[in-house]
Amino acid sequence: MKQKLVRVNQVDIYTESFGNPKDPAVLLIMGAMSSLDWWDEAFCERLAKKGRFVIRYDHRDLGESTVYSPGTSNYTIADLADDAFGVLDSYSIEKAHITGMSLGGMIGQIMAVKHPDRILSLTVISSSVFGTEQANLPQMDQRILDYHSKSASLDWSDREAAIAYLAGGWEVLSGSKPYEKERMFMLAERELSRAKQIQSRFNYVLLGGGEEYLDRMKEIKVPVTIIHGTEDPALPFEHAQALNRAIPHSELVKLEGSGHEIHSDDWDTIIENIVKLSSSVSHL
């Protein structure tokens with residue numbers, strides 16, 4: 001794994017890469033309030049061993065990238081899509097396969113509409129359609145909102161309490177597959193250790209923008225695979241079905257019993273589908 005801090009759109013974006021830069025590039029885009037750590041290093045290495053050059057990175061306000069004061073709004077979802085293109089530029093990658101989780105999946109949709117010539121394929125995990133239909137779909141489980149309401153009273157200087165909170169956030173997002181407590185605590189500790197300013201993560205609550213890309217998913221012509229847990233409490237499975245309808249040529253892959261997560265039990269299925277999709281595309 002190689003580390004690289006890049007200057008993109010007048011901000012610093014921290015990136016890590018795995019594998020051979022000569023292999024087809026796969027850019028991993030994580031969801032809101034989540035650093036690159038939640039793309040497990042072992043997951044990235046396993047994907048790289050399949051002949052892919054894998055890049056993961058911290059969004060703004062996360063990890064070692066540029067952070068802003070908590071409670072402020074300084075960018076839009078369209079800016080985050082431009083950041084992703086900037087990461088590719090910094091690695092001299094003209095075309096790439098995009099894999100996005102949750103918000104990352106919506107960023108990937110915007111990228112495929114904005115610069116279709118640069119996107120070879122799109123894998124969308126635990127996400128939703130970037131369109132007005134989203135408001136009519138089943139909403140987030142109240143338990144998730146209740147859990148995160150505790151963050152306002154959390155003593156962030158209490159390291160153990162902060163790690164427990166970050167790890168527990170994934171437990172409330174899980175499905176019926178066993179909660180991977182040890183792995184989540186390990187990743188939460190790494191996220192907290194790397195974070196420049198951990199409370200800036202909540203600026204994602206204020207994220208908006210991208211209206212010019214709403215309801216344009218039919219314009220996406222690249223191969224698309226949608227991967228979604230059947231027990232997702234944040235974006236219920238109906239969101240995946242709506243995206244599948246919005247992109248007529250897309251393939252929908254069910255993860256039985258999975259929630260809003262990248263459970264290690266699903267790694268083989270996810271990697272297999274990323275590799276299969278990217279292998280179907282010419283890289284010329």
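Predicted model: local features only at pLDDT ≥ 70, side-chain atom pairs only at ≥ 80, totals over all residues.
Me: Why is Ser65 called buried?
Reply: Its relative accessible area is 0%, and the limit is under 20%; Ser65 therefore counts as buried.

Me: What makes the approach of Ser65 to the backbone oxygen of Asp58 a polar contact?
Reply: The side chain of Ser65 reaches that oxygen at 2.7 Å. A polar contact is a pair of N or O atoms within 3.5 Å; within protein, one must be able to donate a hydrogen and the other to accept it, and residues adjacent in sequence count only if both atoms are side-chain atoms. The side chain of Ser65 also reaches the backbone nitrogen of Tyr14, at 2.9 Å.

Me: Why is the pair Arg56 and Glu16 called a salt bridge?
Reply: A salt bridge needs a side-chain nitrogen of Lys or Arg within 4 Å of a carboxyl oxygen of Asp or Glu. For Arg56 and Glu16 the N to O distance is 2.5 Å, so the pair qualifies. Arg56 lies in strand β4 and Glu16 in strand β2 (residues 11-18), so the pair ties together parts that are 40 residues apart in sequence. Strands (E, at least two residues) and helices (H or I, at least four) are DSSP runs, numbered from the N terminus.

Me: How do you know that Arg56 and Glu16 are buried?
Reply: Arg56 has 1% relative accessibility and therefore counts as buried; Glu16, at 0%, counts as buried as well.

Me: What makes the pair Arg194 and Asp58 a salt bridge?
Reply: The closest N and O atoms are 2.9 Å apart, which means that the pair meets the salt-bridge limit. Arg194 lies in helix α6 (residues 181-194) and Asp58 in the loop between β4 and α2, so parts 136 residues apart in sequence are tied together. Both Arg194 and Asp58 are buried.

Me: Which residues are linked with Arg56 and Arg194 in a network of salt bridges?
Reply: The network also includes Glu16, Asp37, Asp58, Glu64 and Arg190.

Key
Residues numbered from 1 in each chain as written. Heavy atoms only, no water. Buried < 20%, exposed > 50% of the residue type's maximum accessible area, 1.4 Å probe, protein only.
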